[in-house]
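Keep the sequence and the 3D view open while you read, and look up each residue as it comes by.

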Amino acid sequence: NPGVRDYEASLLRLLDKLTNGMKVEINETGTTLKYKPGIVTGGRRISHDCGTARAIGYFLEVVIPVCLFAKKPVDLTLYGITNDEV
């Protein structure tokens, strides 16, 4: 099935919370995505519900390297499952 999955959209929402000025464009069928990163700001409390489609580790694989470039320390709380069948 082509297109952006719910957990992928959730990851993009999380990246939006972590950055300032991020831009995402997704076409109508969800098969083309244009991503322009913003500045990783940090310095505030961020919480995100990761859902149950993918484990929190899926999100951490992207978030941890991004947070290394934050201007200030990142205080992030993720809610979701810790294991999945993928």
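Alanine 70 sits in the loop between α2 and β6. Is alanine 70 buried or exposed? With a relative accessible area of 19%, alanine 70 counts as buried. The cut-offs are these: buried means under 20% relative accessible area, exposed means over 50%, and partly exposed is in between, using a 1.4 Å probe and protein chains only. Setting aside neighbours within four places in sequence, alanine 70 is in contact (heavy atoms within 4.5 Å) with Val40, Thr41 and Gly42.

Before going on, a word about the model. It is a predicted model, where local features need pLDDT of at least 70 and side-chain atom pairs count only at pLDDT 80 or more, while totals for chains, interfaces and linings use all residues. Residues are numbered from 1 along each chain as its sequence is written, and side-chain values use heavy atoms, with hydrogens and water left out.

**The whole chain**

The protein chain holds two helices and six strands. Starting at the N terminus, the order of elements is α-β-β-β-β-β-α-β. Along its principal axes, the C-alpha trace spans about 40 × 30 × 15 Å. The radius of gyration, taken over C-alpha atoms, can be compared with a globule rule of 2.2 Å times the number of residues to the power 0.38. For 86 residues, a compact globule would have a value near 12 Å, and the 13 Å of the protein chain agrees with that. Of these 86 residues, 27% count as buried. Among contacts with a separation of 6 or more, 63% join residues 24 or more positions apart.

**The two helices**

The expected span of a helix is 1.5 Å times one less than its number of residues. Helix α1 has 13 residues, and its first and last C-alpha atoms are 19 Å apart, close to the expected 18 Å.

Which residues of α2 are buried? They are Ile56, Tyr58, Phe59 and Val63. Because they cover an arc of only 150° around the axis, they lie on the same side of α2; the arc is that of the directions from the helix axis to the C-beta atoms. These buried residues pack against α1 (6-18), β5 (45-49) and β6 (75-79). In α1, the buried residues are Ser10, Leu11, Leu12, Leu14, Leu15 and Leu18.

**The nonpolar core**

In soluble globular proteins, nonpolar side chains tend to be buried together. A nonpolar core here is a set of buried Ala, Val, Leu, Ile, Met, Phe, Trp, Tyr and Cys residues joined through side-chain atoms within 4.5 Å. The largest one has 10 residues: Leu11, Leu14, Leu18, Ile46, Cys50, Ile56, Tyr58, Phe59, Val63 and Leu78. Both α1 and α2 supply at least two residues of this core, and α2 gives the most, with four residues. Beyond its neighbours within four places in sequence, valine 63 is in contact with Leu14, Leu18 and Leu76.

Leucine 60 is in helix α2, glutamate 8 lies in helix α1, and glycine 80 is in the segment after β6.

| Residue | Relative accessible area | Contacts |
|---|---|---|
| Leucine 60 | 32% | Pro65 and Leu78 |
| Glutamate 8 | 29% | Gly3 and Tyr58 |
| Glycine 80 | 40% | Gly51 and Ile56 |

Leucine 60 and leucine 78 are 18 residues apart along the chain, with 9.1 Å between their C-alpha atoms. Glycine 80 and cysteine 50 are 30 residues apart along the chain, and their C-alpha atoms are separated by 5.1 Å. Glutamate 8 and proline 37, 29 residues apart in sequence, have 16 Å between their C-alpha atoms.
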